[in-house]
Amino acid sequence: MIDSSDINQTRRDLLIGGALSATAAALPPMASAQGPETGQAPAATPAPVTARVALRVNGQRYELDLDTRTTLLDMLREHLRLTGTKKGCDQGQCGACTVIVDGRRINSCLSLAVMHEGADVTTIEGLGTPDKLHPLQAAFVKHDGYQCGYCTPGQICSAVAALDEIRRGIPSHVSADLDAQPLLSPAELRERMSGNICRCGAYSNIIDAITDYAGRPA
């Protein structure tokens, strides 16, 4: 005959064992949590890989030893202290970091500095200064196209390159005839400037400023 006390004891042991198993499964592994107490030293962080980059920025030559992961934007801001180029979204969506590289506008946050060995880079500081504004900067002031001003360096660099594209006959997505000289029209300018976001919403003022600078009626 089976003693009821033996059944109750076995049932109690089973419940206790199940609870302990569930608790153990929920806890992190002790070996990884203890770290140095296990006698194993933590893995050392490897040193960054660096490379020497030589390029010209606003007419001045620079040679820098950079972490190969450094973006062109961070090189300009953190290493050369050219903080006119702004870091907005850091994902290539807003255009605040636009600079001109070898005559073409790019989002500097998406481009590694080591990719531009020997390149000629122009930032907003290379276009004009507070004492001697670039004519497009003056047009932005005239037409109140800057407002908060954060996007303005990218807007101006982008606009300078966009107008050069029009002069060279490079069509855009709204060009009616791909073989004809693009028109300096609001539609063309809006399309070419569509990669530069202005959170103040000063788009019409920006188009007026670009048109004024280009010497055509708005």
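A: Ser 158 is in contact (heavy atoms within 4.5 Å) with Thr 98, Arg 105, Arg 192, Met 193 and Asn 196, when neighbours within four places in sequence are left aside. The model is a predicted one, in which local features need pLDDT of at least 70 and side-chain atom pairs count only at pLDDT 80 or more, while totals for chains, interfaces and linings use all residues. Residues are numbered from 1 along each chain as its sequence is written, and side-chain values use heavy atoms, with hydrogens and water left out.

Ser 158 belongs to helix α6; helices are DSSP runs of H or I with at least four residues, strands are runs of E with at least two, and both are numbered from the N terminus. Because its relative accessibility is 1%, Ser 158 counts as buried. The classes are buried for under 20% relative accessible area, exposed for over 50% and partly exposed in between, with a 1.4 Å probe and protein chains only. Ser 158 and Arg 104 are 54 residues apart along the chain, yet their C-alpha atoms are separated by 8.9 Å.

Arg 192, one of the contacts of Ser 158, also forms a salt bridge with Glu 165, with 3.3 Å between the closest N and O atoms. This pair links distant parts of the chain, since Arg 192 is in helix α7 (residues 186-192) and Glu 165 is in helix α6, 27 residues away. Both partners are buried. A salt bridge here is a side-chain nitrogen of Lys or Arg within 4 Å of a carboxyl oxygen of Asp or Glu, and by this rule the count comes to twelve.

In general, an α-helix has 3.6 residues a turn, so residues three or four places apart point the same way. Asp 164 is partly exposed because its relative accessibility is 25%, whereas Arg 167, at a relative accessible area of 55%, is exposed.

A nonpolar core is a set of buried Ala, Val, Leu, Ile, Met, Phe, Trp, Tyr and Cys residues joined through side-chain atoms within 4.5 Å. The largest such core has 22 residues, and those with the most contacts inside it are Leu 127, Leu 136, Phe 140, Ile 156, Val 160, Leu 189 and Ile 210. Helices α4, α5, α6 and α8 each supply at least two residues of this core, and the largest share, seven residues, comes from α6.

Leu 127 is located in helix α4 and, at 19% relative accessibility, counts as buried. Outside four places in sequence, Leu 127 touches Thr 122, His 134, Gln 137, Ile 156, Cys 157 and Val 160. Leu 127 and Asn 58 lie 69 residues apart in sequence and 8.1 Å apart in space, C-alpha to C-alpha.

In helix α5 (residues 135-142), the buried residues are Leu 136, Gln 137, Ala 139 and Phe 140. They cover an arc of only 160 degrees around the axis, which puts them on the same side of α5; the arc is that of the directions from the helix axis to the C-beta atoms. What covers these buried residues includes α4 (124-127), α6 (152-167) and α8 (203-214). With residues up to four places away not counted, Phe 140 touches Gly 145, Tyr 146, Thr 152, Gln 155, Ile 156, Ile 206, Ala 209 and Ile 210. Just after α5, Asp 144 takes a positive phi of about 55 degrees.
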